[in-house]
Amino acid sequence: MQGGFAGRILHVDLSRRKVGTWPLASNLAESFIGGLGLSFRLAHDYITPGTDPLAPENPVVIGAGPLVGTDLPSTSRIYAVTKLPTSGTIGWCGAGGVTFGCLFKNAGYDHLIIEGRADRPVYLNIVDDRVEILDAQKLWGKGVSETCETLWDEVSGPAGVLAIGPAGENRVSFSLAYIDRSATMGRGGFGAVLGAKNLKAIMVRGTKGVGVADRKTYKRLKTDFLQTIQSYPYLKEWQDMGMLKAFPMVPPETYKKIKKRRLACISCPVGCKDVVEIADGPHKGLVAYSSSAINLLTPLMYGFKDYRDAVKLIAELDEYGMDMFEFFGVAALAAKLGEHGSIQGINIALDDLNAMMEWAEKISFRKGLGDVMADGFSGMINAYGDAAKTYAPALVKNMHPYTGPGSALPWDLFGTMELGQILDLRGPHVGSGGSPTYFAKRPLEVFPKHLKRMGVPEAAISRILPESDESKQLNVGILLKYSHQWFSILGSLGVCARGQINRFYNAGLCADFYKAVTGIPTDLDELSLRADRVWNLYKLLNVREGVDRSRESIPDQWVQAPGFKEYVSETPISRDEILRMIKDYYREQGWDFETGYPSPETLSRLGLESLG
Amino acid sequence: MAGYDIITLEENCTGCLRCQLACSYLYTGLFNPSAARIQVRFSGTGCAIDFTDECNHCGVCADSCFYDALKKVKREDDE
């Protein structure tokens with residue numbers, strides 16, 4: 001392989017304590033692009049249908065795409081593919097790679113496949129060709145930050161660390177993995193999957209370098225591209241405020257009081273990650289690392305009055321290693337069950353720091369009722385039956401969507417992220433697939449520009465946009481198909497899909513960069529076809545698991561007042577309208593709406609017959 | 001010896017390592033942060049930026065910085 005790819009797959013069998021490497025087949029790389037796409041392809045080989053997500057047999061496939069490790073902006077993403085415990089589906093878990101992705105590539109690997117279960121807590125220590133499975137007894141029970149710091153203290157120079165906290169160790173269904181203590185990975189219980197393997201952390205260092213096949217073209221493309229970014233008028237504002245620019249949850253002066261440093265994943269010109277330090281009050285001196293300051297402030301949306309208390313709680317949740325939305329959702333359900341007498345003798349005050357700290361600890365270590373809550377909404381419904389169903393929020397694949405009625409984020413327009421909660425096999429997550437419907441409402445006039453950028457064919461653009469001034473409805477179903485295609489391109493290359501970065505990229509440029517870096521002949525049509533292949537394989541992986549259309553049910557709360565609203569007209573959306581979007585999505589994908597399977601013609605077009 | 005002083009403003013550094021990527025690519029032909037002549041180190045909330053003895057002050061690191069953590073200043077004796 002000429003460039004971009006390290007050319008090797010690392011395989012670790014924790015049960016047998018064996019480590020091996022083998023070459024990455026160039027035909028597979030070409031067919032599935034790399035990163036996310038190749039992780040799906042490897043998962044197809046390694047996941048046995050019907051495997052329990054927390055069984056040793058459930059493999060974890062981690063991948064870093066061919067642009068990861070280069071200096072193209074924001075090319076640090078890593079992805080994991082595994083069977084997730086909350087949804088029971090095979091899902092992708094993504095994270096800004098911080099240093100991990102680049103150093104993993106520099107160690108000489110594109111993918112890591114982890115199988116089995118260690119007989120006691122371990123961590124992986126990867127230093128170029130040296131891969132060790134080391135005892136992690138000293139780390140077990142430690143928080144995410146403490147784990148990272150302990151491992152960093154043992155080495156000189158930079159090391160990427162992927163780690164779980166006690167919530168993952170104790171298989172909490174909404175536990176996450178963290179990269180370099182600041183990027184979260186794997187809503188749906190990725191932390192629990194690693195915890196069930198007794199795998200506390202992966203530390204990686206590398207010195208091999210990442211090459212470029214066609215340096216001359218790369219330089220030309222990159223020079224123009226960097227000029228575009230540097231001339232973006234809001235770049236400094238993004239760098240200064242991070243995600244608070246989009247979600248001003250606290251006034252800028254409050255943020256400035258706690259802002260310690262902004263952090264970036266390797267190669268990123270935006271740097272959306274935050275280090276904050278509480279300047280005064282009872283938590284004075286508390287330092288917190290996060291994917292974004294807005295995450296640290298999320299408890300304000302659940303009634304917290306003091307931003308310092310909010311930071312304190314989320315810093316604690318991050319140490320335990322669990323998802324804040326699911327934590328608050330499950331806690332709110334338990335509170336309601338307490339109020340209505342289904343659970344005796346509990347009082348859960350969602351706006352009280354001490355109370356929520358106590359519940360975070362009980363859930364992480366599965367103490368008392370925390371043991372039930374640790375199994376998420378499905379655990380609560382199993383334990384409290386109809387009462388729990390009555391008071392549960394809208395659920396999709398056993399999880400709490402970020403947006404919509406009763407959700408944390410005050411956003412009620414129905415775009416690709418909202419429909420994607422149902423149609424992405426992994427279930428709810430933040431992300432629109434890079435489409436322009438992500439949060440801030442954009443005027444329709446800017447849609448054609450963004451759709452062209454995403455590689456949406458002209459014929460499809462006319463079907464996505466409202467046909468006339470009277471109709472004023474956006475075809476979110478068709479748009480979502482192309483959002484998934486765009487996301488497949490970005491994820492397989494290793495480019496960040498966040499709106500403030502993917503806005504600079506376009507599909508044609510991605511094809512050009514891919515060709516220049518890897519030397520693999522590629523144009524826009526070919527890259528789009530491969531991206532389609534990637535998303536269809538994701539579908540096939542789940543079809544093989546028996547995941548059918550029954551998992552795509554529309555929550556009642558979404559179509560009852562106050563409910564969701566149509567993206568353009570802002571009129572209440574009906575179940576039939578959402579159903580029509582789902583049908584449109586299936587038709588555009590070339591999938592059978594009745595069976596939920598990709599049609600034979602689609603599989604033939606994509607060359608996936610043998611994997612179907 | 002190339003003609004720039006590299007001014008470091010560590011408080012602006014985000015750890016994106018674009019400087020190390022650019023340096024290593026220029027001098028080794030590969031993106032390899034460990035081989036760069038500039039090394040950024042984070043410890044806690046702090047950041048330290050150092051240069052190896054091999055650094056010839058070419059300024060490619062400063063050219064690649066998006067955060068104003070590195071600035072290159074032309075040396076007077078080279079003008």
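In this predicted model, the C-alpha centres of domain 3 and domain 4 of chain A lie 34 Å apart. These two belong to a domain assignment that divides chain A into domain 1 (8-205), domain 2 (216-320), domain 3 (324-391) and domain 4 (413-611).

Within domain 1 (8-205) of chain A, strand S1 (residues 8-13) and strand S2 (residues 18-23) of chain A run antiparallel and are joined by 6 bridges. One of the residues paired in this way is Arg8(A), whose bridge partner in S2(A) is Pro23(A). The hairpin formed by S1(A) and S2(A) has 4 residues between the strands, and in this hairpin Arg17(A) adopts a positive phi near 55°. A positive phi is also found at Ile33(A), where the angle is about 70° although the residue is not a glycine; Ile33(A) is placed in the loop between helix H1 (26-32) and helix H2 (35-46) of chain A. Such values deserve mention because most residues other than glycine have a negative phi, just as most peptide bonds are trans. Pro562(A) is located in the loop between helix H22 (524-544) and strand S17 (565-566) of chain A.

Attention may next be given to charged side chains. Side chains of opposite charge can pair when their charged atoms come close, and over all chains the structure holds 38 salt bridges. One of them links the side chains of Arg120(A) and Asp135(A), with an N to O distance of 3.7 Å. Because Arg120(A) lies in the loop between strand S6 (111-115) and strand S7 (122-127) of chain A, whereas Asp135(A) lies in strand S8 (residues 130-135) of chain A, the pair ties together parts that are 15 residues apart in sequence.

The interface between the two chains was examined as well. In it, 25 residues of chain B are in contact with 40 residues of chain A. The size of an interface is often given as the accessible area lost when the parts come together; for chain B and chain A, about 2,400 Å² is buried between them, and 53% of this area is on carbon and sulfur atoms. Phe31(B), Thr45(B) and Phe66(B) supply 29% of the area that chain B buries against chain A, which is more than any other three residues.

Polar and charged pairs also occur between the chains. There are 18 residue pairs in polar contact between chain B and chain A, counting pairs with both residues at pLDDT 80 or more, and the count of salt bridges between the chains is 1. A salt bridge joins Asp68(B) to Lys236(A), with the closest N and O atoms 3.3 Å apart. On the side of chain B that touches chain A, two or more residues each come from helix H1 (18-28), strand S2 (38-43) and strand S3 (46-51) of chain B. H1(B) gives the most to this side, with 3 residues. By class, the side of chain B that touches chain A has 12 nonpolar, 8 polar and 5 charged residues.

Technical notes:
Residues numbered from 1 in each chain as written. Chains lettered and ligands numbered in written order. Heavy atoms only, no water. Contact = heavy atoms within 4.5 Å. Buried area = accessible area lost by both parts, 1.4 Å probe. Salt bridge = Lys/Arg side-chain N within 4 Å of Asp/Glu carboxyl O. Polar contact = N/O pair within 3.5 Å; in protein donor to acceptor, adjacent residues only side chain to side chain. Nonpolar A, V, L, I, M, F, W, Y, C, P; charged D, E, K, R; others polar. Domains from an automatic or database assignment. Pairing = 2+ DSSP bridges.
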